[in-house]
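This report covers helix packing, the nonpolar core and salt bridges. Please keep the structure in view while reading.

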Amino acid sequence: LHFVDRGPGVFGGLVSLGANRMGARGAMQAMNDTAARLENRRLALRLALSASEKSRDAHQAYLADDFAKGLLVRLARADRIDRLARAQLERFGADHPDACWILQWHADAAAVRKDDEARIAALQKALSEGHRLGQIAAADRAERNLEDLLMRKKRYADVLALKWQRVQARPDDEQAIEVLLSFAERYRLFADAERAYRLAIERFDRRAWSDKFARWLLRKKRRADFQTHVEETAKKLGPSELASFLTTHVHYSSSDSAANLFYEKVYLIALERFPTNRAFAGRLLDFYERIGFDTRHPNEEYQNKFLDLGLRFFALNASWPDRLLARLGQRGMLDGLAAKLEQSAPLDLAATYLWTRVQQYAARFEAALPGYAALDEYWPRSTQATATLATLARSLSDSFTVRDPALAAQAAQARAELARLNKERKAPE
């Protein structure tokens, strides 16, 4: 037999089939018409079995027996195939490096008998062992064959169980989740699809899978579940991921009170988790201002929420004090705020900053000047208070109502300090 007796003897020839990735089927196809006759197959079988018996290496013995198994399939010897599989595992143990492939021989024997149920059972056992032993290539082959057989018999529940088996056996395989979801969507198995999404959120990229699940819930018109999911996500994602997620999925409307309540609820959750986050505070401020100070339908409740939030977070953004003071002025509340701040003296840094901005906004520049002088001391490395102090002192030193030469000296000192700070910023590190 030319395809067997190459290299160092019979055994070497058989092993070469495996080394060249040429299994029994490939070898049979290489036979010429004479070699394909029954007697030649039996001779090849004896040689293969002899080579297996002489091998002390589990994998090499498997290669020889796998060749023999292919011949037995051609000879329709199902019982011999089963015995061959059992003998291999008894000889080298259940943790044989090719155990998953060997167990699939029982499926080949069942195919010879045309017994689909036995073939399914054999493939299921092979697949379980393949997962247990980490024999990925063999397990993949068993899974494909099993799925094809189950699909032909329209046993969709068993196919679904097969896909779940892969997901559970391979917790790091994100593609397994995606394949399961595709199958669940195709056959409208929505409970399994939801379960798969939730599992993916916990196992893989929470931001990406939370986004996919949110879109899926909206497609299914499950608004209440969508909102619950968004609230749960708002409690788990990090600040930047959460900001992106909420921008995509949570919006307010001038005409949808339910959407507005949900928007407020979610952003309050986010702000409670990240109380100094300007993105969350800013979006909530924009929302309260848009709804509260709508020119056609003003809403005093949302106006008050805007003012309360603005008084909490005005110092996080340079533009927020002006917005807050403009709305306080619109409500006639500026003087009351100034009086309340003065009653709580001595003021801390934030209160000093707000009181000073109130004085400037109300054009009480003489009152604002000591405030900026105090802020300049609070922020020795910031140019913002220093620049404003220099401008105010210079203007007041030559104004019609003040004309105080000492202010000119204060302005000059502030400008010199400002020049020093700007020089330090421009200097190379």
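Helices here are DSSP runs of H or I with at least four residues, numbered from the N terminus. The model is a predicted one.

## L103 in helix α6

L103 is found in helix α6. The residue is buried, with a relative accessible area of 7%, the cut-off for buried being under 20%. Leaving out residues up to four places away in sequence, L103 touches L89, A122, K125, A126 and E129. Q124 is 21 residues from L103 in sequence, and their C-alpha atoms are 9.6 Å apart in space.

## Helix α8

Helix α8 runs over residues 136–152, which makes 17 residues. From first C-alpha to last, α8 reaches 24 Å, close to the 24 Å expected at 1.5 Å a residue. K154 follows the helix and has a positive phi, near 60 degrees.

The buried residues of α8 are A138, A139, D140, A142, E143, L146, L149 and L150. What covers them includes α6 (99–113), α7 (116–133) and α9 (156–169). Two of these buried residues, D140 and E143, also belong to a network of salt bridges with R166, R170 and D173.

## Helix α19

Which residues of helix α19 are buried? In this helix, residues 334–343, they are L334, L337, A338 and L341. Seen down the axis of α19, these residues fall within an arc of 100 degrees, so they line one face of the helix. D335, K340 and Q343 are exposed on the other side.

The buried residues of α19 pack against three helices: α17 (300–313), α18 (320–330) and α20 (349–361).

## The largest nonpolar core

In soluble globular proteins, nonpolar side chains tend to be buried together. In this model, the largest nonpolar core has 100 residues. Those with the most contacts inside the core are W209, V230, L242, L246 and F280.

V230 is in contact with F245, L246, V250, F262 and V266, setting aside neighbours within four places in sequence. One of these partners, L246, is also among the core residues with the most contacts.

## Salt bridges

The structure holds 30 salt bridges. One of them joins R132 and D95, with the closest N and O atoms 2.9 Å apart. R132 lies in helix α7 and D95 in the loop between α5 (78–92) and α6, so the pair ties together parts that are 37 residues apart in sequence. R132 is partly exposed at 47% relative accessible area, and D95 counts as exposed at 55%.

R198 is partly exposed, with a relative accessible area of 34%, whereas E194 counts as buried at 19%.

E289 forms a salt bridge with R327, and the closest N and O atoms are 2.9 Å apart. This pair links distant parts of the chain, with E289 in helix α16 (residues 278–292) and R327 in helix α18, 38 residues apart. E289 is buried, with a relative accessible area of 15%. Helix α18 is also one of the helices that the buried residues of α19 pack against.

Conventions:
Residues numbered from 1 in each chain as written. Predicted model: local features only at pLDDT ≥ 70, side-chain atom pairs only at ≥ 80, totals over all residues. Heavy atoms only, no water. Buried < 20%, exposed > 50% of the residue type's maximum accessible area, 1.4 Å probe, protein only. Helix = DSSP H or I, 4+ residues; strand = E, 2+ residues; numbered from the N terminus. Arc of directions from axis to C-beta. Contact = heavy atoms within 4.5 Å. Core = buried A, V, L, I, M, F, W, Y, C linked by side-chain atoms within 4.5 Å. Expected span 1.5 Å × (residues − 1). Salt bridge = Lys/Arg side-chain N within 4 Å of Asp/Glu carboxyl O.
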